[in-house]
Amino acid sequence: MADTPATVFLKANRVAYTEHEYGYVEHGGTEVPARALGVPEHQVVKTLVMQDEAARPLIVLMHGDRTVSTKNLARQAGVKRIEPCRPDAAQRHSGYQVGGTSPFGTRKKLPVYMERSILELAKIYVNGGRRGYLVGISPADVSRTLQPKLVQVALQA
């Protein structure tokens with residue numbers, strides 16, 4: 001399997017990971033890979049590219065079966081407002097095609113916010129840098145390599 005900027009980053013940081021391919025479905029969300037891998041959607045972590053009121057980009061890592069309270073995130077990040085980036089802006093900031101965005105090996109170093117409860121899981125599945133491709137990884141390795149700010153902003157989807 002060809003390397004992506006994400007897998008190059010993981011190898012450079014000596015992170016153990018497993019590779020998982022699945023049939024990508026446009027707007028299929030995390031339900032599609034969870035079903036394909038036979039894991040709870042809660043373990044499939046989405047990488048969301050958002051921005052604050054000054055259009056400064058940031059990444060949010062969230063359980064697949066939850067949504068982000070942007071109001072709570074803005075409060076915890078110390079900004080007035082946070083909203084999702086438009087797909088073209090998200091791609092420009094991350095270097096990844098929407099639907100294939102990984103928090104690892106982004107074009108620019110972006111601040112990362114991670115839902116605190118992700119650390120409670122033994123293993124998570126996060127995008128590996130292209131559509132239809134996830135990497136299985138320990139949340140502790142995500143924390144070590146990305147040094148995310150831990151937040152509590154999850155809402156029931």
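**A pocket and a strand**

Let's start with the lining of the largest pocket: by class, 16 nonpolar, ten polar and four charged residues. One caution before I go on. This is a predicted model.

Now, how big is this pocket? The largest pocket has a volume of about 750 Å³. Its lining is made up of 30 residues. Look for Lys46, Thr47, Leu48, Val98 and Gly99, which lie nearest the centre of the pocket.

Which elements give two or more residues to that lining? They are helix H2, residues 31-37, strand E2, residues 44-52, and helix H4, residues 87-94. Strand E2 gives the most, with seven residues. And how do we find such space at all? Rolling a probe the size of a water molecule over the atoms shows where empty space is left.

Next, strand E6. Find residues 112-115. Are the side chains here buried or exposed? Val112 and Met114 are buried on one side. Tyr113 and Glu115 are buried on the other. So both faces of E6 are covered. Why two sides? In a regular strand the side chains alternate between the two faces of the sheet.

Who are the partners of E6? One is strand E3, residues 57-63. E3 and E6 pair in the parallel sense, over three bridges. To find the place, go to Leu61: its bridge partner in E6 is Met114.

Another is strand E9, residues 149-151. E6 and E9 also pair in the parallel sense, over three bridges. Here, Tyr113 stands opposite Lys149 in E9.

To close, take two pictures with you. Strand E2 gives the most to the lining of the largest pocket. Strand E6 is covered on both faces.

Conventions. Residues numbered from 1 in each chain as written. Predicted model: local features only at pLDDT ≥ 70, side-chain atom pairs only at ≥ 80, totals over all residues. Heavy atoms only, no water. Buried < 20%, exposed > 50% of the residue type's maximum accessible area, 1.4 Å probe, protein only. Helix = DSSP H or I, 4+ residues; strand = E, 2+ residues; numbered from the N terminus. Pairing = 2+ DSSP bridges. 1 Å grid on protein atoms, 1.4 Å probe; cavity = no way out; pocket = protein on both sides within 12 Å on 5 of 7 lines; lining within 4 Å. Points joined across faces, edges and corners; volume = space filled by probe spheres on them. Nonpolar A, V, L, I, M, F, W, Y, C, P; charged D, E, K, R; others polar.
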